[in-house]
Amino acid sequence: MTLQLIPSPTLTTYGPTVFKTERNQREVRCGMCGKIIYVDQATFDFVSDAINSGLDDPFRCELCKDEYDDLAYEG
Ligand SMILES: [Zn+2]
């Protein structure tokens, strides 16, 4: 999933966005930084199921994913 940072009418919005779109009506919080991200219903259900199952918020915004990847590389 790629986080779309700015609205783009020419691009079909796919994946999480930082703004609400016709497709992304549900808000989730990044499990690391707490940033609100808008996702579609399927993604929201996935995150909700995980939280309801007692797991930590599995959602990571693009920035935190990058940071996590960096940390992983550094070992
Ligand atoms: Zn984050």
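**Close-up views of a predicted model**

**View 1. Contacts of cysteine 61.** Cysteine 61 touches Leu3, Cys30, Cys33, Lys35 and Ile37, leaving aside residues up to four places away in sequence. Touching, or contact, here means that the C-beta atoms of two residues, placed from the backbone, lie within 7 Å. Residues are numbered from 1 along each chain as its sequence is written. This is a predicted model: local features need pLDDT of at least 70, side-chain atom pairs count only at pLDDT 80 or more, and totals for chains, interfaces and linings use all residues.

**View 2. The whole protein.** Two helices and two strands make up the secondary structure. Helices (H or I, at least four residues) and strands (E, at least two) are DSSP runs, numbered from the N terminus. Their order from the N terminus is β-β-α-α. The mean pLDDT, the predictor's confidence in each residue on a scale from 0 to 100, is 81 for the protein, and 77% of the residues score at least 70. Confidence is highest in strand β1 (residues 26-29), at 93. Helix α2 (residues 62-74) has the lowest, at a mean of 74. Of contacts between residues at least 6 apart in sequence, 31% join residues at least 24 apart.

View 3. Strands β1 and β2 pair in the antiparallel sense, over four bridges. Pairing requires that DSSP finds at least two bridges between the strands. Valine 28 has isoleucine 37, in β2, as its bridge partner. Six residues lie between the two strands of the hairpin. In the turn, glycine 34 has a positive phi of about 80 degrees.

**View 4. The largest nonpolar core.** Seven residues form this core: Val28, Ile37, Tyr38, Val39, Val47, Phe59 and Cys61. Strand β2 (residues 36-39) gives the most to the core, with three residues. A nonpolar core is a set of buried Ala, Val, Leu, Ile, Met, Phe, Trp, Tyr and Cys residues joined through C-beta atoms within 7 Å. A residue is buried if 20 or more other C-beta atoms lie within 10 Å of its own, exposed if 12 or fewer, and partly exposed in between; C-beta atoms are placed from the backbone. Of the 75 residues of the protein, 15% count as buried.

**View 5. Cysteine 30 in the loop.** Cysteine 30 sits in the loop between β1 and β2. Cysteine 30 counts as partly exposed because 19 other C-beta atoms lie within 10 Å. Beyond four places away in sequence, cysteine 30 touches Lys35, Ile37, Phe59, Arg60, Cys61 and Cys64. Phenylalanine 59 is 29 residues from cysteine 30 in sequence, but 5.2 Å away in space, C-alpha to C-alpha.
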